[in-house]
Amino acid sequence: MRSLRREPGVLLALLAVIALVLVFIVYPQVRVVLTPGSAYVDFLSAGTWKTPLLNSLQVMALSTTTAVLVGFVFAYAMVYTDMRWKPAFRLIGILPLLSPPFVVAASYILLFGPRGVITYGVFGQTISIFGLGGIWGVQTIAFFPFAYQLIADVLSRSDARMEQAARNLGAGPWSVFRTVTLPLSRPGLGAAILTTAIYVLEDFGNPALVGGQFTVLPTQAYGLISGFGDLPSAAAVSTILLSLALVLYLAKIRLDGGQSFVTVSGRASSMPRPPVPAWLSWACFAMCGALCAMILLVYGSLVVSAFTLTFPVNTTFSTSHFEYVFSGVNGVALRNTLVYGLTAAAFSSLFALLAAWLVQRGVWSGRRVLDFLLIMPAAIPGLFFGIGYATAFNEQWLDWLNRGVLIIISMIFWNIPVGYQAAVAGLRQIDRTMDEAATSLGASSLRGFRDVLLPMLGGSLRVGFVTTFVRAVTTLSVVIFLFTPGTTVATIRIFQLVNDLDWGGATAFTVIDIGLAIVALSVMAILARGRVSLGAARG
Amino acid sequence: MTPQLDRRTFLKGLGVVTVAAACGGAATPSPTATTAVATATPTAAPVTGTISVYSALNQSTNDQFFAAFKTAYPGVSIDLLPLAAAGELQTRITAEKNSPKADIFIGGSSEFHDPLGKAGLLEAYISPNAKDIAAQFKEPTGLWTGWYTGIFGFISNNDRLTKEIAGKKPATWDDLLDPAWKQKLILPSPTLTGGGYIFIATQIFRFNKNEAQAMDFMKKLHANIAQYIPTSPGALTLIDQGQFVGCPNWSHDILTEKSKGNPVDLTVPTDTGFEVGAISIVKGTKNLAAAKALVDWSITKEAGDLNVKLSNRGSTRTDVAAAPGSPSLTSVKLVNYDRQWATDNKARILKDWQTAVGL
């Protein structure tokens, strides 16, 4: 990219991105953190946050490690091996992202609680899922898809020639993996670790259900709001979470320094990857199979309870829950969910890509700050993102604004980090000579971005789109402070049903919500086929 | 139910209210006149317009409750925002203070309404009908009015209670200290749920504010508690499934679970606590007359009877009978629950509790 002064278009784009980030990410959070009240200080000095803080750190270390490990194996298996059932695994692999709060974690308890269908019913054990072990297990499954998507995107773009060369020089498969594959996947790995760690830190739904008395910071914040309406103290917890995210971010910057991970250069490559040993393919297949079986079990139990009267007490087949769901305002909620989710996903993934390009390719000071601000939303519990929006944008002069629009905007910016991280990791793999070739031929930087880089970043775009869509249709906490009677969404209805103790209705609604999301994603995948070439073809 | 029938029930209810007012009037003659005027308001000068209602009530209650209100005040239409989570609604109203979107906040314990009033976000209104409500159920300046009550009880899983505790339901909270309950009880988390905190406060009032004794009880109880659950409804589901044997929780919700065919039962140990469900008008309302009408109506006998039927909760009116099988404020022995004290000392008590049980 040339100097900004010579490229007014780029400068304009940069200013626009900065303005949007300041207005829609920074400003609402400033409003939350600055919640007036002595309770804020009292809470910090009382120190009841210390145990949750330690718990949060412990959970983060454990869950991030296993989630990234599982995600890596899953990604490796999908990209490198020729194992069977890949399309099925790909679909099941994103199911855990589609978990509306409460409902899925509750299904774990049903299966693995002290009187769980599996633990007690099948094995006669009364071991309990509650506590640290439970959170660890559930979060590993809930968050490995983030790591899987980010790593697979990077792996799929890594150059097969390097691995072939290593093999030709006599290196064994393990040696190639250790000295070529692993180092080249570092941008994805780094992004995966950071993203997963921040999301684990921010996770509220899973610890709330299986945590028992093992309280982490987000459950504490939620409790302060939900149980006591104590906004100042909850804002204090949010501040602690944000500081932790900043520390994580700085640690990541230190770790991956300024090394080059370029694997896509100007020269064409159509070489196949070196074959993986058959036993490895089978091992990967077994692992992915076991993981997917576990996921299917959890989601399957939702389907069963949606179709029975009062699962597990009365398992008479019934469609009454579905009849209820399709009545009243529920249709509106489902329609809103789809419209908001798709719109937010489209804008969020494109915006993330543009921002990533400006940050990664740009040569202007202050890039690091923007970089952090674009990752920060991951560390903001949805609760505070929603409260921030409700506080900042509920002004009389803004009352003309449709609430649906505000909800979409909140979803765009809250879900930016994953798409952004994917795009940055992708850009780090693509040699600068690629876009420089375009600019030296007279194209503007923006044109080089649009015509050269954008088509090569299809995979990253897809990661951003899928993640944003899925999180948008399953988020509760952001929307809970913004929705109006006409702009209600599926998760709000599910939450209402859970609190009404209508478990059958809640699971039926969840099944429909997840089903619709899968259909929408499949349609998008079919439409996108052939348009986004590189990522889709190889991923 | 046809609308016509609804109107008839309403008129009958109206009659009862007027009669009750007249009877009350014998003892205290002065307010009779104002009451008559107040109850006649809907016919005298019809209230019209739309009000936005933030409701923490259950969906089934919402549907019928507001339909009945519409029958009484046909000119008023309601834009309902249902969210069965009073803490979130309280936070929303706080966050929206620059341009309030709600006219009415209904449902949820008064603990969620009171801070809004203190922060100047509520409109004080003493409804003429509030004279039928005892002082302990309403804010003296009218910032909020209590219209229903919830009593803390105990849910147990029938099968496991019979097999593991010899079918012995707790008659007092102290019965829960029996070692037979070891690791078989759960409790809504005192730090995360309003109900869990009310449970601790109840123990303190039970020991006449002797906090040391109450904390000693909580510490002993801790040995029997397997988990503190982050939401009150979540705890009920666990007992339904038999994951654990028993749990102190809200009586009305326990009855609802039981009525759905779950193998559970309700007991109300003696010296228990309760909540007061409130309604309040949000300051800045654009339709004060309609908002007042909803407050007036929700504390009528008709509304009380309907809510009792729909939600199994009690009423703050003495002339509303409790739902069949459910406890009422007069049928169970309650502690002398000092709501203000419990709210003011919350942070300290929770910290003491955490220290006592080592969490």
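## Basis

Residues are numbered from 1 along each chain as written, and chains are lettered from A in the order written. In this predicted model, local features need pLDDT of at least 70 and side-chain atom pairs pLDDT 80 or more, while totals for chains, interfaces and linings use all residues.

## Chain B against chain A

Chain B places 50 residues in contact with 43 residues of chain A (C-beta atoms, placed from the backbone, within 7 Å). Helix 4 (86–95) of chain B is among the contributing elements. Helix 4 gives the most, 7 residues. Elements are DSSP runs numbered from the N terminus: helices are H or I, at least four residues, and strands are E, at least two. Other elements giving two or more residues include strand 2 (76–82), helix 5 (110–118) and helix 14 (346–357) of chain B.

The chain B side has 19 nonpolar, 22 polar and 9 charged residues. Ala, Val, Leu, Ile, Met, Phe, Trp, Tyr, Cys and Pro count as nonpolar, Asp, Glu, Lys and Arg as charged, and the others, Gly among them, as polar.

## Domains of chain B

Chain B splits into domain 1 (3–150 + 275–315) and domain 2 (152–273 + 333–357); the bounds come from an automatic or database assignment. Between them, 9 residues of domain 1 contact 9 residues of domain 2. Helix 5 of chain B supplies the largest share of the domain 1 side, 3 residues. That side holds no nonpolar, 5 polar and 4 charged residues.

An α-helix has 3.6 residues a turn, so residues three or four places apart point the same way.

Note on methods. Two residues are in contact if their C-beta atoms, placed from the backbone, lie within 7 Å.
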